Amino acid sequence: YKSVEEVKQAYNFHNLQSFLDIYYAGANVLVHEQDFYDLAWAYFEKCAEDRVVHTEMFFDPQTHTDRGIAFATVINGLKRACADAKAKFGISSQLIMCFLRHLSEEAAFETLEQALPFKQDIIAVGLDSSEVGHPPAKFERVFAKAREEGFLIVAHAGEEGPPEYVWEALDLLKVNRIDHGVRSEEDEQLMARLINEKMPLTVCPLSNLKLC
């Protein structure tokens, strides 16, 4: 970007991909463990201002490991911030590691292996990034392995992708929770199932209105 104004203009998102483009560009400044600590700490300070008492934070290690940053560098910075937030603000927190769905199944398996030494620090694995064209079915085997390892399972589905992706998250990934899922309302049978199974959805109304 040639100016501050160009950067500000880039934040006028018109869909999910336009958000992701600047998200990944911004992530390039995260290099050292302290960078990840500082990022998480700034978030926790905002949580404290908003009187948040518990948070479950998604993190995408592949965004950083693909740039040569060690998995341990990422998670150790986040872990320290979580511990300090508990001590200073009384905020409890958990970490959810997400696979980038625009990358391959093989890459997801590699990331899962990198996560295993830190199992005690990661409550669940999830799926995020560009949704359209990357259905949950693409990662069915990875999530089966994650379940075997004892992780809870969540997935972004039905954010910009169709209701069919929510069905796949339920039936193939066997999720404990759907993240977003707003397009489920287009399928009455799916809505009935979500209700009957008491499946929780984490919904971000402002985000979905702005990005989709």
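A residue is called buried when its relative accessible area is under 20%, exposed when over 50% and partly exposed in between (1.4 Å probe, protein chains only). The structure is a predicted model, in which local features need pLDDT of at least 70, side-chain atom pairs count only at pLDDT 80 or more, and totals for chains, interfaces and linings use all residues. Residues are numbered from 1 along each chain as its sequence is written, and side-chain values use heavy atoms, with hydrogens and water left out.

In helix α6 (residues 105-115), the buried residues are Ala107, Ala108, Thr111, Leu112 and Ala115; helices (H or I, at least four residues) and strands (E, at least two) are DSSP runs, numbered from the N terminus. These residues lie on the same side of α6 because they cover an arc of only 145 degrees around the axis, the arc being that of the directions from the helix axis to the C-beta atoms. Their cover includes α4 (61-65), α5, β2 (92-100) and α7 (140-148).

Leaving aside residues up to four places away in sequence, Phe99 is in contact with residues including Ala108, Thr111 and Leu112, where contact means heavy atoms within 4.5 Å.
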